[in-house]
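Trainee: I would like to go through this entry by question and answer. Please show the sequence and the structure before we start.

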Amino acid sequence: MSKLTAAEIRRQVERFLPKVLKPSRYLGSEWNAIKKDWDKTDVHMAFAFPDVYEVGMSHLGTRILYHLVNSFPEFLCERVFAPWVDMEEAMRERKIPLYALESFQPLQEFDVIGFTLQYEMSFTNILNMLDLAGIPMRAEERGPEDPWIIAGGPCAFNPEPLVGFIDFFLLGESEEQLPEVLRLIAEQKVNPLPRRDFLVKVAHVQGVYVPDFYHVTYKPDGRIESIKAETDVPSVVEKALVQDLDNAFFPTNPVVPYLEIVHDRMMLEVMRGCSRGCRFCQAGMLYRPVRERSQETLLKQTEELVRSTGYDQVALTSLSSGDYSCIQPVIESILEKHGEDGVGVSLPSLRVDSFDVGLAETVQKARKSGITFAPEAGSQRLRDVINKGVTEENLLTAVEAAFQKGWSTIKLYFMVGLPTETQEDIDGIIDLAKKVANVGTKLGRRNITVTIATSFFVPKPHTPFQWEPQEAKASVDLKQRYLREKLRDRRFKYSYHDVKTSYLEAVFAKGDRRLAPLLEWAVRHGARFDGWGDQFREDIWMDAFKEFGIDPHFYANRAMDYDDILPWEHLESGVTKQYLVSEHHRALQEAKTIDCRHDECSGCGICPGRGVQIELKG
Amino acid sequence: MRLRIAYTKVEDARYIAHLDLTRVFERAVRRAGIAMSYTEGFNPRPKISFGFALAVGTEGEREYVDIELQRELDLGEVLGRIQEQLPPGIRLLQGRALTQGAKPLMAVLNSASYRIRILMALPILPERLQEAVSAWLAREHVTYSRYTKKGPTDKDIRPWVKRLVGEIHGDEIIFELEVEMGNAGSVRPEEVLASLRELEKLPLDMEELHVKRTGVHVSYQGRNSSPIEHDGFVQLAE
């Protein structure tokens with residue numbers, strides 16, 4: 001690709017920008033965007049979100065890290081997203097390299113490109129973005145003039161399918177770790193060390209995983225025989241962790257997009273972590289322990305956010321905001337202070353209890369359209385297996401409260417293909433849906449709708465279900481068809497997730513580094529935006545597996561043994577393997593495990609020795 | 001207090017879609033700490049309304065917006081505070097408090113003028129250009145096929161065109177075009193030039209075309225005036 005300057009790229013892009021969909025995705029001049037002087041900053045980082053602008057801009061972690069890096073005078077951070085297919089085509093046609101939004105500088109000019117790994121189905125976009133930038137996908141083909149390619153986020157806890165493309169990964173919370181890495185890169189620019197020496201140095205930063213230093217061998221049957229670390233790096237990489245969330249960096253001047261994005265509102269992070277211990281939930285294991293922000297901090301942040309963004313809604317975000325110990329007073333204070341100016345509050349995650357329905361009532365600003373609950377499984381037995389501490393009674397009481405308070409649409413989320421699931425559990429979904437609808441009918445409500453949505457369970461690394469196989473997609477497909485058949489009632493609406501993408505997600509979630517060449521092949525043959533139903537190309541993937549002689553079932557549908565070496569064996573979330581094994585046992589015994597927040601310690605292993613503890617403010 | 005404001009929509013702001021423009025103004029006013037009036041009903045929206053949409057990518061040198069505020073405030077101060085909160089490319093030019101019962105922009109605006117810069121594909125003599133323009137304007141009907149979702153539809157674009165002049169500057173031609181606009185629709189500047197190229201055989205490079213809307217007007221008996229009347233307004237420094 002020819003070398004174009006920022007000004008040339010801008011001029012060329014402007015010639016066709018009016019013709020692409022949503023051109024304001026590609027500008028970088030939004031309110032609160034930070035334009036720093038390129039020549040007066042030591043390290044230039046491009047923060048890359050491997051999906052479209054509207055998705056990436058809605059992600060809180062992206063907002064935090066963009067402003068965090070820019071809060072250091074010596075660092076510059078700009079944003080880049082995956083251009084939508086029409087924009088990509090226009091850029092490739094004219095040989096325009098991928099550029100960062102703020103300056104239009106080509107990515108190639110940056111010192112470091114940091115990708116965020118939010119879901120496995122965005123892996124192809126990462127490689128495609130590198131290719132669009134004219135940067136070799138493979139680390140071995142890159143030289144000292146190329147940027148460092150790094151990545152963090154939940155999928156960094158098993159990034160093995162990306163080994164060979166990414167120079168190093170950042171595990172855990174980056175608020176302290178990322179600036180430390182950037183300082184090392186600044187030093188490297190002044191006094192360059194050989195590549196290996198630099199990587200050894202960076203491998204000693206908390207949570208940094210340099211895959212080159214970890215060597216994997218395999219048994220004849222394909223399972224892993226060993227993962228051996230070189231002597232000068234830690235044998236196990238343990239995540240970085242913010243000890244004092246209340247004083248941690250949080251931006252109150254986020255970028256305000258021109259176009260409507262997925263979560264188009266202010267976001268307040270009321271707490272981090274969740275200790276409810278749902279056994280399928282990866283986030284619940286990765287972000288422990290629970291740490292809350294104080295009410296004073298949140299109110300101060302809200303005030304600054306309102307002033308700097310002009311948004312009329314603030315979302316109280318976390319993995320389960322209803323569990324935040326000061327939720328009621330915080331909502332009341334926000335509404336008291338800003339309600340008059342038309343500012344409302346939203347709660348993105350609701351528990352299945354009437355307390356949360358009460359909260360939803362308090363925050364409901366507009367017409368009562370829909371309220372969502374996630375029982376996750378259709379029977380009590382299966383809910384006990386997954387440790388979703390919710391009873392049918394809880395749900396029906398909550399639903400009754402919701403109908404009484406005027407809601408007319410109830411949305412219920414379930415997973416299909418959960419470990420130990422039988423036909424009874426599937427029938428349980430239908431049963432529960434009917435009971436929910438009957439509550440409405442009994443209250444004399446007409447025109448109610450119960451929306452049932454099912455997704456296909458994907459076993460995730462670092463959870464008690466990591467050893468579980470994913471159910472065969474044909475069988476889950478049948479179950480979903482069965483549900484579609486049985487939920488044909490005018491009171492119901494049924495939607496379900498396509499099994500093909502969830503299957504590929506399982507392959508990559510539990511995959512190892514042998515998938516890397518296959519991933520590259522798929523990208524070269526046109527795979528991208530795999531999470532988008534209209535873009536997903538199953539044919540490419542099936543050809544890819546054939547081409548490399550790799551059996552996808554080996555990854556997705558094989559039950560692993562406790563003594564199998566997992567592809568992510570050397571990467572630690574802080575929750576011990578011993579705890580995950582015991583939780584898996586308890587799941588199979590249908591035994592519930594209590595939330596350590598209000599009760600005794602369940603021994604997951606996160607707190608001891610890390611200078612952290614559960615932090616409640618209520 | 002109902003405000004009518006004239007503003008530019010140039011540079012990066014020209015890529016802001018018409019539907020997104022309400023949000024851009026709404027957030028700017030809120031950041032400025034100025035209380036807006038809201039619609040009644042289940043989903044109250046701030047009372048902000050515009051004139052005819054500007055195509056994405058086309059610059060507007062003088063566009064208008066109406067914003068209703070909860071309280072009476074000093075006009076100059078309000079405009080200044082809002083300006084501080086607007087993204088690059090949107091500059092407030094003039095503002096006026098509307099009198100009670102003033103009609104909304106959509107009800108009063110009925111014409112627009114454009115300046116179009118276009119590259120010549122082959123050299124054109126000035127006389128040839130004038131001939132072509134005159135010949136085109138002399139036509140009573142001009143059929144243009146517009147491609148819509150339902151396939152091509154023919155429409156007569158001539159009645160919409162009120163004025164068209166062209167002048168050669170180096171290797172490009174600058175056209176001044178004035179069209180009628182209304183609820184029944186209008187004609188796009190690109191369509192007029194495409195038709196001129198086709199019917200009068202003018203070698204224009206349609207790939208190298210820059211359109212700017214220079215103004216929107218209240219046109220009455222052959223006279224154009226601004227929807228902001230010429231008394232009591234506040235002129236802002238450039």
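This is a predicted model: local features need pLDDT of at least 70, side-chain atom pairs count only at pLDDT 80 or more; totals for chains, interfaces and linings use all residues.

Trainee: What distance does α15(A) reach from its first C-alpha to its last?

Mentor: The helix covers residues 473–486 of chain A, which is 14 residues. At 1.5 Å a residue the expected value is 20 Å, and the helix comes close to that. Its reach is 20 Å.

Trainee: Which strands are at the edges of the open sheet of six strands in chain A?

Mentor: The strand order is β2-β1-β3-β4-β5-β6 (chain A), and the pairing is mixed. An edge strand pairs on one side only. The edge strands are β2 (75–81) and β6 (208–209) of chain A.

Trainee: Within that sheet, what is the bridge partner of Gly114(A) in β4(A)?

Mentor: Strand β3 (residues 112–116) and strand β4 (residues 148–152) of chain A run parallel and are joined by five bridges. In β4(A), Gly114(A) has as its bridge partner Ile150(A).

Trainee: Which element gives the most residues to the side of domain 1 of chain A that touches domain 2 of chain A?

Mentor: The assignment divides chain A into domain 1 (6–238) and domain 2 (245–510 + 567–588), and the contact takes 35 residues from each. On the domain 1 side, the elements giving two or more residues are α2 (53–56), α3 (60–70), β8 (224–229) and β9 (237–238) of chain A. With five residues, the one that gives the most is α3(A).

Trainee: How many residues on that side of domain 1 of chain A are nonpolar?

Mentor: The residues of that side include six polar and nine charged. The nonpolar ones number 20.

Trainee: Turning to chain B, which element gives the largest share of the side of domain 1 that touches domain 2?

Mentor: In chain B, domain 1 is 2–108 and domain 2 is 111–222. Their centres, taken over C-alpha atoms, are separated by 29 Å. Eleven residues of domain 1 of chain B contact nine residues of domain 2 of chain B. The largest share of the domain 1 side, six residues, comes from β3(B).

Trainee: In which sense, parallel or antiparallel, do β3(B) and β10(B) pair?

Mentor: Strand β3 (residues 59–68) of chain B runs antiparallel to β1 (residues 2–9) of chain B, with seven bridges, and also antiparallel to β2 (residues 48–50) of chain B, with three bridges. With β10 (residues 204–220) of chain B there are two bridges, and one pairs Gly60(B) with Arg213(B). The sense of pairing between β3(B) and β10(B) is parallel.

Trainee: How many residues does chain B give to the contact with chain A?

Mentor: On the chain A side there are 21 residues, made up of ten nonpolar, five polar and six charged. Chain B gives 18 residues.

Trainee: What percentage of the residues in chain B are buried?

Mentor: Chain B has five helices and twelve strands. The count is taken over the 238 residues of chain B, and the buried percentage is 30%.

Terms used
Residues are numbered from 1 along each chain as its sequence is written. Chains are lettered from A and ligands numbered from 1 in the order in which they are written. Two strands pair if DSSP finds at least two bridges between them. Helices (H or I, at least four residues) and strands (E, at least two) are DSSP runs, numbered from the N terminus. Two residues are in contact if their C-beta atoms, placed from the backbone, lie within 7 Å. Ala, Val, Leu, Ile, Met, Phe, Trp, Tyr, Cys and Pro count as nonpolar, Asp, Glu, Lys and Arg as charged, and the others, Gly among them, as polar. Domain bounds come from an automatic or database domain assignment. The expected span of a helix is 1.5 Å times one less than its number of residues. A residue is buried if 20 or more other C-beta atoms lie within 10 Å of its own, exposed if 12 or fewer, and partly exposed in between; C-beta atoms are placed from the backbone.
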